[in-house]
Amino acid sequence: MDPRDRTDNYVPDGLYLEGRTRLVEIAPPRDGQPVLARETIGHADELNREDTWRWADVSGTGTHWSHFRGHHVQVDIELHTENRREANAWKGRDEIRAEGTWTLALARQQVWEGLIRGNPLDQLLEIRRITERLLGHEAIDWNDATLAAQQLTGRRVYYQRVPAVVTSTSALQQGCVTLKPVDVAEFPPHVSCIDRDEDDHWDRDEVKVDLLDPHIWWWRDKPAGNEADLRTEPSPEENKPMPAA
């Protein structure tokens with residue numbers, strides 16, 4: 001075979017195939033489903049031996065690999081603006097207001113949404129900041145075969161120094177999860193209530209928090225009391241790679 005031909009049954013040398021499988025998209029979605037392949041590092045082709053390249057198993061069987069130079073995580077941002085009239089006789093006000101919404105999906109999974117007020121270009125800066133932080137999120141591997149919601153479900157964390165667990169991801173499209181305290185009935189009241197000797201009227205037996213909440217520490221491993229392990233195992237068929245051809 002011509003060493004320059006990498007179009008048919010090409011298997012590079014030095015492929016690293018240990019550890020967890022990492023998946024990347026190798027073609028546009030098909031029938032609404034991502035076209036995925038496992039991705040790893042290996043030696044470059046025969047003409048570039050001094051380099052290490054990333055490779056994608058486009059055959060799905062390890063018999064043909066393609067040099068991968070694509071996006072490691074797909075980023076989809078939708079932003080819509082509109083104007084809305086508000087006429088309020090009680091306030092004596094009649095005005096047109098700028099409004100809008102935006103959503104963020106990573107690896108084809110929506111993980112944030114927000115509102116637009118004023119100049120949408122200013123909001124783009126905030127969207128970039130949120131996207132960068134979520135791409136590097138401590139609890140989510142966007143190239144894992146397991147979807148983000150399943151990675152998060154049952155995860156042990158600390159919230160405001162209290163052992164807790166992620167009990168629900170039903171609000172993940174908003175960028176939020178639900179936490180429940182472990183080994184105690186409820187989370188402590190807000191510090192302002194403690195300072196003023198006031199009752200905290202919020203339900204504290206569980207809380208809805210966003211993925212970037214600074215009060216969450218995502219690395220708890222030690223069980224609290226007789227805590228059961230609620231972390232879920234992925235289904236063998238979940239996010240199964242789909243061959244490109």
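Which residue in E7 is the bridge partner of Leu104? In this predicted model, local features need pLDDT of at least 70 and side-chain atom pairs count only at pLDDT 80 or more, while totals for chains, interfaces and linings use all residues. Residues are numbered from 1 along each chain as its sequence is written, and side-chain values use heavy atoms, with hydrogens and water left out.

The bridge partner of Leu104 in E7 is Trp112. Strand E6 (residues 93-106) and E7 pair in the antiparallel sense over 6 bridges, where pairing requires that DSSP finds at least two bridges between two strands, and strands (E, at least two residues) and helices (H or I, at least four) are DSSP runs numbered from the N terminus. Both strands belong to an open sheet of 3 strands, ordered E5-E6-E7 with antiparallel pairing. Its edge strands, each pairing on one side only, are strand E5 (75-88) and strand E7 (109-115).

Helix H1 packs on this sheet and touches E5, E6 and E7, its direction making about 25 degrees with that of E6; contact here means heavy atoms within 4.5 Å, and angles run from 0 to 180 degrees between N-to-C directions, with axes fitted to C-alpha atoms, for helices over the stretch in contact.

In the loop between helix H1 (120-135) and helix H2 (148-152) lies Asn143. The side chain of Asn143 is joined to that of Arg22 by a polar contact of 2.8 Å, a term for a pair of N or O atoms within 3.5 Å in which, within protein, one must be able to donate a hydrogen and the other to accept it, residues adjacent in sequence counting only if both atoms are side-chain atoms.
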